[in-house]
Every structure is written in C-alpha cells, then in structure tokens.
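Subject: Structure for your review

Dear colleague,

Please find below the structure that I am handing over to you, with its sequence. My notes on what was found in it follow directly after.

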Amino acid sequence: MTGTWTAAAVDPGDDGDPPSAGEWEDVSVPGQPERFAGESAVAYRLAFDDPRSDDAQRTLLDLRGLYAHARVWLNGDLLGEHDAYFVPFRREFVPEERNELVVECRAPEDAFGGVERTDQLPTVAGVPGIRWGAHVRVRPPTFLDDLTVEPRVDGDDATIEATVAVDAGEAVDDYVTFSLRPEGFRGGGAMERAEVTADAGERTTVSREIRVRDPSFWWPNDHGPQHRYTVRAKLGDASASATTGLRTVSYGDDGLRVNGRQVQARGVNVLPAADPAADVERAADANANLVRAHAHVPPHDLHEAADEAGLLVWQDLPLSGDREFDPDRGRALAAMLADEYGHHPSVSLYGVHDDPRSPFADPLGAGRTSRYRLRWRAWRTSYDRGPAERVAEAFPDGTPTVPVAGPPGTAPDAAHLYPGWSYGAATDAEWLLDRYPDLGGVVGEYGAGSLVADAEGDVPGFDRATHDAAVGTDDPAESQARQAATLKTVTETLRRRSTDVLAAFALRDAAPGAGMGVLAHGGEAKPGYEALGESFEPVQAMLDEPPSPGAVGVTVVNDGPEAVEPTLSWAAGDAEGTAELSVDPGDRVDAGAARIPPDADDVELLLTLSDRTVYNEYDL
C-alpha cells in the first residue's frame, strides 16, 4: 500500500468509533515500532487513493500478522474485528476517491500472547501492530479466492482435496478447472473440473478430490527428496494456486515415523525473527532436520523454507507461562492454526502449552544434595494437564500433538531439561534420564546460555544469575566455550540414548549481549553452533562421556535411512586407533574405546563413510 503510515498509542474504547490521538508519528508498516514498547494499544493510520482503474474492478483489504487483537475502520466505518494474528484479515470494500484506513491493535487480553509476552524476548517484541503485511488488492468482477488444499495418504494411494471460493461479481454458469502438477520433478499430473453456478454478488465454494497417480512423497532432508505438488484452480481468466506435499507422520511407542519410516528428529528452537527463512537455512547448515517454532506462530515464510529444505516443523500455539487459559479459546485457535498451516508438509508436530510451571527458576548446583532438591521440586510441582489435553484434541488427526512441554514435575509430553545450566552438570543428563525415563522420548528444550560481550544489566532471554552460578566467569570467550561443551555433552547423551525428538534452545540470542542461542543476536556464530553441527551429523561417532585421561568409550549412531559400514579412526596426543563397523539405520553401535594419554590436548574422531568423511572433536 502506498502512502505514509502514522501511529499513536491510544486508549481503546468500546463504542465502535475509531480511536483518536493527539499526535500521530510516522512509522513503517509492517513492523513493530520500538517507540511503542510497553503500550497496550496502538492505532495505525493510512490515507490512500482509490486504486481501481475502472468501477467494475473490486478491492480487497489484506492485513497479515495483526498482533494480537484488532479492529479495522475504513472511512469511519468498522470493517471488522480480528483475534488470531496468524490468520489474515481480509475484507472487500468499495473505495472512495480518498480513503482513510485505521487499524487498532491491542495487546493480548488472554493467555495466548505467546513467547512475545514473556521475559524471553525484549519488550518491543510484544508491541501491538501489523507485523507481516498490509495490501489493497484489485480484483476483476469475478475472481477466485481462498484456495485450500488438503493432502490425504492411504498406503500407496494419495489424493488432494482442493477447495476454492468463487466470488461472482456477475452471474456465473461455468466450470472451475483444477490442475495438479509436480513441482520440480518428473511425475504424474492430473486435471479435474467442477461445475459452478452463482448469481451476481454471490460467493460460493467448489471442491474436487484429485487423485495423485504414482505419488512421490515429501521427506526430511536426510531421508529423501522434498517432492511437492502445485494445485491450480482456473475460471476464465481468474486463477489461484497452492503448493503442498504428500507425507504421513505419527508418533508412538515405535518413535517418530514419517511415511512409515522411523526418523530421529534433531533440531533447534527458533524465536520470532525478522527473517525466519534465514533461520531455517542456518538450522539446516547445522545438520538439524527440525525447527520448533517456540510458543509463537511465524509467517508462512518459515514453513515454506522448511518445505523446501526438508526440515520438520514443530509448530506451537502462542501459549507460554503459568497463566490460566480458556480451553475453548485454545481449541478455536488450534483449529484455525491447522487450517492455515496444515497444508505444509513440513508441519509434523503441534504444541499446546509451553512451560506451564517454573520449578527451577532458581538454579541448583551440582552434587548429591542438589539432586535431592531437584527431585523435591519436581515432586511438589503441580499442574492440571486437562485443559491442554482438551486443546490438543482439536488438532486434526494425522499430525502428532504435544499437549504439555515443560520441566520435570509437569508430567510433560516433551521435556525441558537443563543439566549444566539450571541444575547439576551437563553429565547429569544420564542420571536425569535414568531417574525419569519418561522424559527421554521427546525433549523440547535443553542447552545453556553465554555472554557475547561485557553485558551490563538485564538482557532479555538471559538469566545472568543462572549463568554466573553455572559458568562462573565474566569472560565471553570462556562463557561461550562452556556453552558449547554443555550443548555437546547433552546433545550426544540424548542421541546415544535414542531420544526420538530433541530440540536445543535456542538458535539465536533474543537480544544483543548475551543469550541462549548458538548464534548471537546479529547472526554471528558462537562455538556452540559448530559444536551442535558436529553432534547433529546424521551418522556420527561420539564419546560416551566428556574426555579425560584413560579409556573412554565410543559410540557410533546412525540416524540415516540406510545401513553404513564406516571406518572409525581416533587420535588423542600420540595415541590412535581404528575400527571397522557396521551400523543399521536407527542403530547405536559400541565402537570400543579411545585411550587418552595424560598429555593429550584434544580427542579427534574421524568416521569415513562411502560418500563423505565426518569429524568430531573434543577439547580436554
């Protein structure tokens, strides 16, 4: 939309009139103006001319990312209200020669504000506003709208249900043609027709089930290609298209399975970002095959990038913290989320409630006494899972759900585990999973924070007291080295123990100066990024414990889809050794021990495969 946007903090009224303000300031839309951080309501205003070239054309207002509750006025008239920022607000209107649009955005009035309303992010992250886009679209008298596609897979058979709205500005008695074509690969196409009859001014929908001949499936990037299909609907000169993929996903006693094959998911939590597609790329470069959209819903850019790159997406509802919530409201949001994002083949898990309790907000030290205290805090933590489970039932069948993601004591479906940070040492991950074996299937968070600079004062998303207790240094380089070592130890413990889904927290620092990310806020890699990339290699050799002089066991894990017969070589100081191995898909093999001399500075593991060589390195 052309023109200059202005904005002002306002006191929202309930009389239905547009909000008023004494002074309006120029702002950029989309965006989150920092000057309004902490405000509960912000109004945005734009004047624009009639965009049509003739009166027969139709105009559609399209607003995306209205965070979090919004009312929209055009030329003084209320167009509508909106309360789900991840669903577009779209209204047709008849423009005047000169028009004024006013959009009032309010901070969440319920618990569904997501991570943006927690101390994990700077205050500016919660600014009410138009986050993703604002457009006035000009359409012909009759156009196609809201094309949705729903893939279905039953064994080797697959269909795609396509539904499109026909907005008839004039009478229609015709056929909508639905065509299916493979996107970037050789495969079978298809075409179907659906009759449509509508009077002038009527809006109707038509659907057609398209059978996919010889279907080609979408796979995570280390298990196969990312085949996708584009569906195009056409009526006369009007058309609309949507892209999807064919896959099945399930989770149970036999682990996470995609298209019937077991997949070990290795990933990272991502927070709201200016360029979510770039975060997907950085995660993939670190050998992740999963990203968790942590307690927020990003724009489709993230999911489209994940579709293309072959990363699974764990998509949360925007619900985090210990506030009570209305399960009926949660169920409505769950249904809207699945309708809006479910066509992405990458969407493989849905999450409901993140961190409903915080029993370890005050850090514990290491040692036996701290273990007793950990068990006591977990035992005394109470949480009613019922509302989260009710919300989870509203997601469609066919995609696993995680009703509760949280720390020990919340009976989580996905555990948040912080040995080496909130409690104990990183090596206590073994004890923790032995003591609480139910926590080892899905781990939605783990990790440690680090300094990036000589940070003074509080840094959003970073607990300095926990850092000082766990790390005990003000030196950023040493702090980052400790973070990398903790991540490596916990990641490799989880992988050796065949955790089905694991997601480190987090990919990127939430603010400059310090944070939980393996990337600094500006994207610079910390040592933890490389360490995570080594530990995330699909086929990798890893030590059974942090290195020290003496014999340390070596395990080779194979999360790839095929058996491998690698050669393992290790070196430590002037000692070295080799072993020939055979490792089936999903297997973990004892590869003997590396004998580390007292004067060794590091241990290097080298795994030679038929198509590549994989390194893993440990500092003593």
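Aspartate 559 is buried in this predicted model, because its relative accessibility is 4% and buried means under 20%. Its partner in a salt bridge is arginine 266, and the closest N and O atoms of the two are 4.0 Å apart. Arginine 266 likewise counts as buried, at 1% relative accessibility. The pair links distant parts of the chain, 293 residues apart. Arginine 266 belongs to strand E20 (residues 265–270), while aspartate 559 sits in the loop between strand E31 (550–558) and strand E32 (567–572).

As background, side chains of opposite charge can pair when their charged atoms come close.

A second pair to look at is arginine 292 with aspartate 316, a salt bridge in which the closest N and O atoms are 3.0 Å apart. Arginine 292 lies in strand E21 (residues 290–293) and aspartate 316 in strand E22 (residues 312–316), so this pair ties together parts that are 24 residues apart in sequence. Are these two residues buried or exposed? Arginine 292 is buried, with a relative accessible area of 0%, and aspartate 316 is buried as well, with a value of 3%.

A third pair has another setting. The side chains of arginine 152 and glutamate 209 meet in a salt bridge of 3.4 Å, taken from N to O.

How many salt bridges does the structure hold? The count is 46. Some of them share partners, and in this way Arg58, Asp62, Arg64, Arg90, Glu92, Arg137, Asp145, Asp146, Asp167 and Arg203 are joined into one network.

I turn next to the cavities. A search of the whole structure finds 4 cavities of 30 Å³ or more. The largest cavity contains about 70 Å³ of space. Among the residues that line the largest cavity are Gly365, Ser370, Arg371, Tyr423, Asp428 and Trp431. Helix H4 (368–380) and helix H6 (428–435) are the elements that give two or more residues to this lining. By class, the lining of the largest cavity divides into 6 nonpolar, 4 polar and 2 charged residues.

The second largest cavity holds about 60 Å³ of space. Its lining includes His69, Asp83, Tyr85, Phe86, Asp110, Arg329 and Leu333. The lining of the second largest cavity has 8 nonpolar, 1 polar and 3 charged residues.

Finally, there is a sheet to examine. An open sheet of 6 strands runs in the order E2-E1-E3-E8-E5-E6, with antiparallel pairing. Which strands form its edges? They are strand E2 (25–27) and strand E6 (77–82), each of which pairs on one side only. From one strand to the next, the twist averages 25°. Strand E5 (residues 69–74) pairs with E6 in the antiparallel sense over 5 bridges. As an example to locate in the model, tryptophan 73 has leucine 78 as its bridge partner in E6.

With kind regards

Technical notes: Residues are numbered from 1 along each chain as its sequence is written. This is a predicted model: local features need pLDDT of at least 70, side-chain atom pairs count only at pLDDT 80 or more; totals for chains, interfaces and linings use all residues. Side-chain values use heavy atoms; hydrogens and water are left out. Helices (H or I, at least four residues) and strands (E, at least two) are DSSP runs, numbered from the N terminus. Buried means under 20% relative accessible area, exposed over 50%, partly exposed in between (1.4 Å probe, protein chains only). On a 1 Å grid over the protein atoms alone, a cavity is a set of points where a 1.4 Å probe fits but cannot get out, and a pocket is an open set with protein on both sides within 12 Å along at least five of seven lines; lining residues have an atom within 4 Å of a point. Grid points are joined across faces, edges and corners, and a volume is the space filled by probe spheres set on the points. Ala, Val, Leu, Ile, Met, Phe, Trp, Tyr, Cys and Pro count as nonpolar, Asp, Glu, Lys and Arg as charged, and the others, Gly among them, as polar. Two strands pair if DSSP finds at least two bridges between them. Axes are lines fitted to C-alpha atoms, for helices over the stretch in contact, and angles run from 0 to 180 degrees between N-to-C directions.
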